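Try each task yourself, then follow the solution step by step.

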Amino acid sequence: MPTDYDREFARYRERFDRMVGDIETGQYGRFRGRLVRKLEVTQFSAKVDEYMALGQRFTQMVSSGDTIDDALAVELRAAEFDLVLERSLFLPLPGLQPRD
């Protein structure tokens, strides 16, 4: 996810309105069965930074062959829900297995 926050925030708002609903900033709606709060731009920017840092840690673990920390994967998924991401930048889709 690039760090052009203004463009990414506009995309987030569009995704949020389409997938959660047109609600006021700070209010909660449902996304994939979970409650998510509509973020303001500063909250969104901080969440993007957090998500990218978590993703970097996750990528380093995978690259070095370390055991993946389950808590890190949970934090990544939670950030993806907060950002109303349709697709993870770091984690495989749940239930999918790698091909042989």
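Among contacts in the protein (heavy atoms within 4.5 Å) between residues at least 6 apart in sequence, 52% join residues at least 24 apart. This is a predicted model, where local features need pLDDT of at least 70 and side-chain atom pairs count only at pLDDT 80 or more, while totals for chains, interfaces and linings use all residues. Residues are numbered from 1 along each chain as its sequence is written, and side-chain values use heavy atoms, with hydrogens and water left out.

## Exercise 1: the layout

Task: find how many helices and strands the protein has, and in which pattern they follow.

Solution. 
- Step 1. Helices and strands are DSSP runs numbered from the N terminus: H or I with at least four residues for helices, E with at least two for strands.
- Step 2. By this count there are three helices and two strands.
- Step 3. Along the sequence they come in the pattern α-β-β-α-α.
- Step 4. Of the 100 residues, 32% count as buried. Buried means under 20% relative accessible area, exposed over 50%, and partly exposed in between, using a 1.4 Å probe and protein chains only.

## Exercise 2: helix α2 and its partner

Task: describe the span of α2 and the way α2 packs with α3.

Solution. 
- Step 1. The 24 residues of α2 reach 35 Å from first C-alpha to last, close to the 34 Å expected at 1.5 Å a residue. The expected span is 1.5 Å times one less than the number of residues.
- Step 2. Buried residues of α2 include F44, V48, Y51 and F58, and the buried residues of this helix pack against α1 (5-19) and α3.
- Step 3. Helix α2 (residues 41-64) and α3 pack at an angle of about 145°, with axes 10 Å apart. Axes are lines fitted to C-alpha atoms, for helices over the stretch in contact, and angles run from 0 to 180 degrees between N-to-C directions.
- Step 4. Residues making this contact include Y51 and L54 of α2 and L76 and E80 of α3.

## Exercise 3: E80 and S88

Task: is E80 buried or exposed, and which side chain makes a polar contact with the side chain of E80?

Solution. 
- Step 1. E80 is found in helix α3 (residues 70-82).
- Step 2. E80 has 6% relative accessibility, so this residue counts as buried.
- Step 3. The E80 side chain makes a polar contact of 2.5 Å with the side chain of S88. A polar contact is a pair of N or O atoms within 3.5 Å; within protein, one must be able to donate a hydrogen and the other to accept it, and residues adjacent in sequence count only if both atoms are side-chain atoms.
- Step 4. S88 lies in the segment after α3 and is buried because its relative accessible area is 16%.
- Step 5. A polar atom of the S88 side chain also lies 3.0 Å from the backbone nitrogen of F90.

## Exercise 4: R32

Task: where is R32 found, and which backbone oxygen does its side chain reach?

Solution. 
- Step 1. R32 is found in the loop between β1 (28-31) and β2 (34-37).
- Step 2. R32 counts as exposed because its relative accessibility is 51%.
- Step 3. The side chain of R32 reaches the backbone oxygen of E86 at 3.2 Å.
- Step 4. Leaving aside neighbours within four places in sequence, R32 is in contact with M19, F81, L85 and E86.
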